[in-house]
Structures are given as structure tokens and as C-alpha cells.
Amino acid sequence: MCIKNNIPNSITCINLVCGAMACIAAGKFNESLCLGLPGYQVAYILIASAAVADFLDGLVARAIGAVSAIGKELDSLCDLVSFGLAPALLMYNLMAANAGHIALVAILIAVGGALRLARFNVDTNQATTFTGLPIPANAIFWIGYTAFAVRHPLPLAVHCVTIIIVSWLMISPLRMFSLKIHNFSIGEVWRQCTLIVGTIIAVVVCGLPGLAVGITLYVILAIFTKQ
């Protein structure tokens, strides 16, 4: 395999490295780690870094003509760690102190992510729209959710129900629109604009928990608008 083809794959592996480190940081949830930040906040930064790498690998692959089947499969494997397992461990460690073995329900996040990615890889009808909540959106939701739950402890039942719902959304038949803008017709981009503006407002008002609000808005727009 030529060096050119390995460039986007190397960027994809950065995604994996960040995701694996996020899993480690999530396991040290309240411990002081890098720069005095608690483990869960370090995990947020690493998941966000993985998301940047996930965006760049495809961009670079298309720019240099190095798109490959191996790259697609590698991307999915790395995404499962960064956006499926890492958020699952965040939720597990958030719940573990008070929930005991019930905290294992958080594993459903990783399972839902794996099924979502497997379906995406064999479905040729997910170019401009998606079936089910994309796994990066899942990770963004859990960053916002755990940021809120750390400050405002929630009942165990709320955690469990939320995990089940979001995990199901990833494998649901719900058609979700892509954030990629292919033209600037109002009829085509109003949902994307609404989501972006709504999320920005939510983050400005609420901080990191606003990310969970943004993903909730994404789901609502998908349910009540035609794809």
C-alpha cells in the first residue's frame, strides 16, 4: 500500500488513540488528571479530539484520492471506541458509586453504537441522510448529559431510561438529516441552520449541558420534518 493511502488511515488512528485515552480517563472519573482537570473532563477533550480526527480523515482521503474500503472499516472500528465505548464508560463511572451492578446498563451505549456502525457499513442509502442517530451525535449527547448530571445529580431511573432511549435511537428506523450542506436553498438547509443556531444558544446559556439539548433538538427536528 502506498504512503498516500496511509495518510488518512494515520489520521483515523489518531481518532482511536484519543478514544482509547478517553476510556482510561473516564475510568478515573473524579480523579485529578491533566492540568488538574477531573478524569471526566479530560475524557470530554479527548472525545472532541477524536471527533476532529474523524472529520479530517475523510476530508483528507477525498482531497488526495485515497478513499479505500480498508479506510472505511478502520474508521468504524475507531468510531466505536471513541464515540461508543468512551461515552459508555463515562456513564458507567458516573453511575457506579451509587448504582452498583445496575450501572452495567451503560454498556448498552456501546452495543447500540456497534450495531449502528455495522448497519451503516452495509447500507448504501445513507449518503445524505442517516438511519438512526449517528454515533458521533451519541457521544456529543453524553458529554452534555454527564456534564449536567455531575452538577445536578439525577435519579438512577432517569439515567437508565435515558441510556435505553439513546441506545435505541442509534438502531432505530428514524431518518436523520446530515449536517453537510449541498446547496443554499432555504428549503434544503433550514433544519441544519435551526440545529446549529439552537445548539449554539443552548451552549451559551447552559454550557456543556447545552450539547445534550442540541442533540435532543436534532432528534426532534428529524421526527417532525420530512427527510
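The questions below ask why residues in this predicted model get the labels they do.

The model is predicted, so local features need pLDDT of at least 70, side-chain atom pairs count only at pLDDT 80 or more, and totals for chains, interfaces and linings use all residues. Residues are numbered from 1 along each chain as its sequence is written, and side-chain values use heavy atoms, with hydrogens and water left out.

Q: Why is N15 called buried?
A: Buried means under 20% relative accessible area, exposed means over 50%, and partly exposed lies in between (1.4 Å probe, protein chains only). N15 has 0% relative accessibility, so N15 counts as buried.

Q: Where is N15, and what makes that place a helix?
A: N15 sits in helix α1. Helices are DSSP runs of H or I with at least four residues, strands are runs of E with at least two, and both are numbered from the N terminus. Helix α1 covers 3-27.

Q: How do you know which residues N15 touches?
A: Contact means heavy atoms within 4.5 Å. Not counting residues up to four places away in sequence, N15 touches A50, A53, D54, C78, D79, S82 and F83.

Q: What makes the pair N15 and S82 a polar contact?
A: A polar contact is a pair of N or O atoms within 3.5 Å; within protein, one must be able to donate a hydrogen and the other to accept it, and residues adjacent in sequence count only if both atoms are side-chain atoms. The side chains of N15 and S82 make such a contact at 2.6 Å.

Q: Why is N121 called buried, and which side chain does the N121 side chain meet in a polar contact?
A: N121 has a relative accessible area of 18%, so N121 is buried. N121 belongs to helix α4. The N121 side chain makes a polar contact with the side chain of E73 at 3.3 Å. Leaving aside neighbours within four places in sequence, N121 is in contact with K72, E73 and S76.

Q: Why is P136 called partly exposed?
A: The relative accessible area of P136 is 28%, so P136 is partly exposed. P136 lies in helix α5. Apart from neighbours within four places in sequence, P136 is in contact with D54 and F83. P136 and D54 are 82 residues apart in sequence and 9.2 Å apart in space, C-alpha to C-alpha.

Q: Why does V166 count as buried, and what does V166 touch?
A: V166 is at 6% relative accessibility, so V166 counts as buried. V166 is part of helix α6. Not counting residues up to four places away in sequence, V166 touches L133, N138, F141 and W142. The C-alpha atoms of V166 and N138 are separated by 7.2 Å.

Q: What makes a set of residues a nonpolar core, and how many residues has the largest one?
A: A nonpolar core is a set of buried Ala, Val, Leu, Ile, Met, Phe, Trp, Tyr and Cys residues joined through side-chain atoms within 4.5 Å. The largest here has 53 residues, and M91 and L133 have the most contacts inside it. The largest share of this core, 9 residues, comes from α5. In soluble globular proteins, nonpolar side chains tend to be buried together.

Q: What makes a group of residues a nonpolar surface patch?
A: Patches are made of residues with over 30% relative accessible area and no salt bridge; nonpolar side chains (Val, Leu, Ile, Met, Phe, Trp, Tyr) are joined within 5 Å, like charges within 9 Å. A salt bridge is a side-chain nitrogen of Lys or Arg within 4 Å of a carboxyl oxygen of Asp or Glu. Accessible areas come from the Shrake-Rupley method with a 1.4 Å probe, and for residues only the protein chains shown count as cover. Here, Y92, L104, I107, L108, V111, L115, I164, W168 and I171 make a nonpolar patch of about 800 Å². α4 gives the most to this patch, with 4 residues.
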